[in-house]
Structure formats: structure tokens, C-alpha cells
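Trainee: I would like to learn how to read helix packing, sheets and chain contacts in a model. Can we go through one together?

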Amino acid sequence: MSRTSAIAAVARRELAAYFASPLAYVFITVFLVLSAALTFRLGGFFARGQADLQPFFQFHPWLYLVLIPALGMRLWAEERRSGTLEFLLSLPVTAAQATVAKFLAAWLFAGLALALTAPIWIAVAALGEPDHGAILAGYIGSWLMAGGYLAVAGCLSAVTRNQVVAFVLAAAACFVLLGAGSEAVRGALAEDAPALAEAVAALSVLTHFQAIQRGVLELRDLVFFASLIVAGLVINTALVELKRGT
Amino acid sequence: MERLLEIDGLTRRFGRSAAVDGIGFSVARGELLGFLGPNGAGKSTTMKMVAGVLPMSAGRVRVCGHDVARAAVPAQRRLGYLAEGAPLYADMTAGALLDFVARVRGLAGRAKARAIGRAVERLELQAALDRPIETLSKGFTRRVGLAQAILHDPDLLILDEPTDGLDPNQKRQVRALLTELAAERAVVVSTHVLEEVEAVCSRCVVISRGRIVADATPADLLRRSRRHGAVGLRLPASAAERVRARLAALPEVAAVERAPAGDGQTVLLALPNAAADAAGAVRRALDGTPEVAELWIERGRLDDVFHDLTRGAPAGTA
């Protein structure tokens with residue numbers, strides 16, 4: 001009871017903190033403008049003549065590459081810099097609870113930004129007869145991917161007190177997670193080590209996101225994102241404990 | 001007496017040097033313990049370990065019977081902590097911060113409102129409730145920090161420099177609050193202000209270079225001052241030399257110190273020989289010197305004792 005109330009209290013505070021600064025509004029605006037611009041300009045939303053959200057979702061892995069580290073960079077680095085981590089850890093909250101709470105707040109916030117793109121779903125429904133199941137799967141996949149990125153960004157925010165460093169490290173790590181599944185990497189590895197190419201691709205966010213985006217929620221893709229998030233949170237907790245008081 | 005805080009062999013190493021080196025003491029309900037020491041002596045490090053914020057390298061801390069190293073959260077439920085500099089979420093209003101702390105501490109509904117109301121009233125925070133903490137004065141910020149520390153009515157309070165940055169009136173108010181709180185709890189306060197120790201503490205622990213160098217009541221510490229029991233007198237500068245010579249000749253007097261007091265006056269301080277009663281002898285010797293305007297007996301000065309204790313100089317017996 002008190003365990004969940006402590007998590008809820010911290011998550012609630014974190015969520016409020018996003019909206020107390022311009023970060024929330026800048027993030028949401030940039031996310032909406034960029035995702036719309038990419039969908040309609042680069043994605044050829046209208047030119048394709050198909051009633052689906054493929055052009056919308058296909059840019060999310062790249063959009064999140066910049067935006068999610070921006071969301072996650074403050075999670076711990078800011079607390080360590082301003083000394084409030086000492087205050088937080090003096091309250092009856094374990095490092096694991098604080099980690100989960102901070103992650104949940106950031107993930108809910110990312111979910112909110114994603115939910116605000118609903119008009120594009122409405123538009124596509126008005127224009128044609130889309131496969132609503134596939135679109136829902138796309139949204140779930142996108143949110144899971146945001147969670148995976150956030151778990152990674154949270155870890156890297158815990159290793160430094162400098163938010164810019166946290167951002168750069170997180171963007172680089174997410175890029176590796178993403179790039180492992182790209183055609184370029186796959187092609188380069190396929191010649192010499194085809195088995196390795198498959199293994200690397202299986203560890204990539206891109207591979208699993210694209211699988212979900214095709215409209216099929218398969219267990220192995222869900223397990224992949226769940227494992228990424230859980231592993232991130234476990235490492236994050238360990239880092240907070242390790243860096244406690246330094 | 002019920003011991004609410006027990007510290008035993010507490011050590012914290014940073015690299016090869018020990019910031020806190022085998023400290024041990026305990027605090028009982030009703031005690032207000034002053035925790036003193038020069039900057040860098042290990043006060044804050046000790047308090048962080050007690051609060052469960054910093055892991056210890058060795059030793060044991062028990063808060064209300066809970067081992068902090070093994071069960072930090074149960075210990076933290078019974079403890080209120082004000083960190084050095086009172087770091088708080090600057091973007092939150094004071095009211096939102098107290099609400100957050102109350103929720104984390106598992107308070108809800110009426111109990112939460114009552115706890116916040118009581119803390120706000122005790123620290124006179126009404127005017128600050130709707131203002132972001134970053135816009136508050138240092139004094140207000142410190143009081144918000146104190147309010148969150150006492151919100152859940154803890155048995156043990158660990159306060160790192162609670163009066164730092166407060167004006168004299170606020171200091172007085174906080175001291176009164178500490179005295180009131182200590183009546184039913186155990187309170188540990190670190191401070192640089194020695195007068196504060198004399199004013200409110202029932203006991204002091206002095207540390208230097210990570211080790212305890214004194215654990216005594218303020219009165220006991222004062223007794224270690226070389227000025228303890230000294231006779232002070234104020235008289236016109238013109239008569240000072242004659243009187244000084246007369247006092248210095250007394251067997252009960254070890255030495256006479258002289259300091260200008262402004263306004264053509266001089267202060268003489270006759271330091272007693274160990275265990276001698278200098279006061280009577282001085283008074284007799286002063287017969288026929290109507291120039292002496294004022295005469296008093298020194299209780300001793302804590303800053304002398306503090307200096308001697310923390311500089312490694314002899315600080316007397318006991």
C-alpha cells in the first residue's frame with residue numbers, strides 16, 4: 001500500500017515538474033509539428049493513396065532518437081546537480097521505487113504527446129477505410145519504443161550530473177539500438193557473418209518496431225520491449241545506488 | 001531513557017581517507033544534541049549516513065531500533081532530515097512540496113491536511129505556500145525544509161545547520177521550536193553558532209577530523225575553558241596598570257590579561273590558578289580602588305574550548 005503510494009507520489013511530482021517548465025510544451029509542440037511535417041512532406045501521406053498510418057509511424061524511431069533523450073536527460077542529472085537527490089533519498093522511498101516512478105512519469109508524458117496525434121487517426125478514418133487494429137498496434141509499438149528509449153536515457157542520466165552529457169550519451173546509445181537493425185548494418189554484416197547479422201538485428205529497436213507497425217502484435221516483439229525496459233530500470237536502480245551520496 | 005539514535009563505530013571513507021572515522025554516540029528521547037566541529041570535520045557526512053542518504057563504509061546506525069544499512073526505509077519513516085543548504089525542488093511551490101512529502105510518507109486525506117496545517121503554522125509559512133521555492137528568501141526556504149522534516153511527527157530529527165541564513169528573530173523562533181520538539185523527541189542539530197549550543201542544547205558532541213573529541217553538556221565544556229572562573233573588571237585606563245600589578249601578585253591568580261574597552265576604559269581579566277577561587281582574593285585585593293566600574297565572573301567561552309578541542313591543543317582535563 002505505502003509502496004505504491006510512494007511510487008505514485010514521486011511519479012505525480014515528476015509529471016507536474018514537466019509541466020512546471022517550458023519543456024512539456026516545447027516537447028509536445030515539436031513532436032506534433034515534426035511528426036505532421038514528416039508524415040505529409042517526406043512520407044507522402046496523400047500521394048500513396050492508402051488509408052493507413054505507415055507514413056506517420058515510420059519516422060518515429062528517428063524522431064524519438066532526438067526527442068526521448070531530451071525527455072530523459074533530466075531524470076537524475078538534474079536532481080544530482082541541484083542536490084535534491086539527497087532530499088529525495090532521505091524520504092522513505094527506495095532507489096528502485098524512485099526509478100520506477102520517474103520512468104512511469106516520463107513514459108506517461110510521452111504517451112500523452114503520442115495521444116495528441118490522434119487527429120491524424122481521425123483524418124485517415126475520414127478519408128478512407130483504414131485497418132484500425134493495425135493503427136492501434138502502431139500506437140502501442142510506438143509507445144513501447146518510447147519506453148525502451150526512456151529506460152536507456154534514464155540510465156545515462158544517472159551516470160552524470162550534466163544534462164547535456166546525459167542527452168548526448170542517450171542519443172548515441174539509442175542510435176546504436178536503432179542502427180543495429182538498419183539496412184546498412186544488416187548489409188555490411190550479412191556478407192561475412194550472416195548469423196551475427198540476424199542476432200544484431202534481433203537486438204534492434206527498429207526490427208521489432210517495424211514488425212509491430214505491420215499490424216501484428218507478436219509476443220516476441222512485446223517481450224523484446226518489456227525486456228529492454230526492465231533491464232534499463234534494473235541498471236538504472238543499480239546506478240542510483242552506486243552513485244548514492246557522491 | 002529510550003535511545004532513539006544509536007551510532008556505533010560509524011566510518012565513511014572516500015578513497016583512502018576517512019571523512020568519518022569510528023564515531024559512536026547515542027541520543028535519547030528528550031535530548032537536544034548539538035553536533036559541532038569545524039568545516040570538513042565530518043558533520044554532514046555523519047548526518048547523511050544517519051539519514052540513509054549515504055552508505056556507510058563500516059559501523060552501525062540504529063534509528064528507533066531499525067538498522068539503517070539494512071532497513072533504510074523503516075528508519076526513514078521515523079526520522080525527519082534537513083540536509084545542509086536545504087535542497088528542495090525549486091520549481092515547486094512550498095505548498096506543493098509539503099503535499100508531495102506528505103504523500104510520499106503515506107499521509108492522505110484529513111491526516112495529510114492536518115499534518116501540513118500544523119507544520120505550516122509552526123513555521124509560519126502561510127505567506128509562502130503559493131510561491132515557488134526558487135522565489136523564496138533563504139530564511140523561508142530553510143523553514144520550508146524544516147516544515148517537511150517535522151511533517152510526519154518523527155521521533156528523531158536530524159537537522160544540518162537549521163538556522164543558517166535566518167535573521168536573529170527567525171533564529172530565536174527556530175530555537176524555541178527545537179526546544180519544544182526535543183521535549184518529546186530526540187533532536188540532533190549541527191551548527192557553527194556556538195551561542196546556539198549554549199542557548200538550547202542539552203548535550204554536545206564535538207568532532208574533529210572525523211573523530212569525537214568531546215561529548216559533554218555545554219556547562220561541562222565551559223568548565224574546560226581557560227577563562228572559566230576568571231574575574232573580569234572594567235576600569236579607567238589610567239588605573240589599569242596599578243590594579244593589574246596588584247592582581248598579578250596574588251597567588252590565586254595565574255595571569256592577568258588586558259584589553260582596551262573603548263571610551264577610555266580598560267578590561268582586565270584575572271585568570272585563576274587551577275582549582276583556586278580567584279574571585280574572593282581579587283575582591284579583597286580591590287579594596288580601596290573605587291575606580292573599578294564593573295566586576296564579573298566569567299563562565300568560560302565555548303569558542304575557546306572549541307578552538308582548543310579542534311586544533312589539538314590541550315583542553316584541560318575531564
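Trainee: At what angle do helix α4 (residues 60–72) of chain A and helix α10 (residues 163–179) of chain A pack, and how far apart are their axes?

Mentor: Some ground rules first. This is a predicted model, in which local features need pLDDT of at least 70 and side-chain atom pairs count only at pLDDT 80 or more, while totals for chains, interfaces and linings use all residues. Residues are numbered from 1 along each chain as its sequence is written, and chains are lettered from A and ligands numbered from 1 in the order in which they are written.

Mentor: Next, the terms. Helices (H or I, at least four residues) and strands (E, at least two) are DSSP runs, numbered from the N terminus. Axes are lines fitted to C-alpha atoms, for helices over the stretch in contact; angles run from 0 to 180 degrees between N-to-C directions. Here α4(A) and α10(A) pack at about 150°, with axes 9 Å apart.

Trainee: Which residues of α4(A) and α10(A) make the contact?

Mentor: Two residues are in contact if their C-beta atoms, placed from the backbone, lie within 7 Å. From α4(A) come A:P61, A:L65, A:V66, A:I68, A:P69, A:A70 and A:G72. From α10(A) come A:F167, A:A170, A:A171, A:C174, A:F175 and A:L178. By class, that is twelve nonpolar, one polar and no charged residues. Ala, Val, Leu, Ile, Met, Phe, Trp, Tyr, Cys and Pro count as nonpolar, Asp, Glu, Lys and Arg as charged, and the others, Gly among them, as polar.

Trainee: How do α4(A) and helix α9 (residues 132–157) of chain A cross?

Mentor: Their axes come within 9 Å and cross at roughly 40°. The two helices are therefore oblique to each other. Residues of α4(A) in this contact include A:H60, A:Y64 and A:L71. Among those they meet in α9(A) are A:M145, A:Y149 and A:L150. The contact has ten nonpolar, five polar and no charged residues.

Trainee: How many residues of chain B are in contact with chain A?

Mentor: 23 residues of chain B touch 22 residues of chain A. On the chain B side, α2 (72–77) and α3 (94–104) are the elements that give two or more residues. α3(B) gives the most, with four. The chain B side divides into 14 nonpolar, four polar and five charged residues.

Trainee: Now sheets. In what order do the six strands of the open sheet in chain B run?

Mentor: Strands of a sheet pair through backbone hydrogen bonds, either parallel or antiparallel. Two strands pair if DSSP finds at least two bridges between them. The order here is β6-β7-β8-β3-β9-β10 of chain B, and the pairing is mixed. β6 (79–82) and β10 (211–216) of chain B stand at the edges, each with a single partner strand, so one side of each has no neighbour in the sheet. Neighbouring strands are turned by 15° against each other on average, direction ignored.

Trainee: In which sense do β3(B) and β9(B) pair?

Mentor: Parallel, over four bridges. B:G34 has B:C204 in β9(B) as its bridge partner. B:C204 also stands opposite B:A216 in β10(B). Strand β9 (residues 203–208) of chain B runs antiparallel to β10(B), joined by five bridges. One pair there is B:S208 with B:R211. The hairpin of β9(B) and β10(B) has two residues between the strands, and B:R209 takes a positive phi near 50°.

Trainee: Which helices pack on this sheet?

Mentor: Helix α5 (residues 138–150) of chain B touches β6 and β7 (156–160), and its direction makes about 165° with that of β6(B). Helix α6 (residues 168–182) of chain B touches β3 (32–36), β7 and β8 (186–190), at about 145° to β8(B).

Trainee: What is the strand order in the four-strand open sheet of chain B?

Mentor: β12-β13-β11-β14, with antiparallel pairing. The edge strands are β12 (253–262) and β14 (294–297) of chain B. Six bridges join β11 (residues 231–236) to β13 (residues 265–272) of chain B. Helix α9 (residues 237–248) of chain B lies across β11, β12 and β13, at about 10° to β13(B).

Terms used. Parallel < 35°, antiparallel > 145°, perpendicular 65-115°, else oblique.
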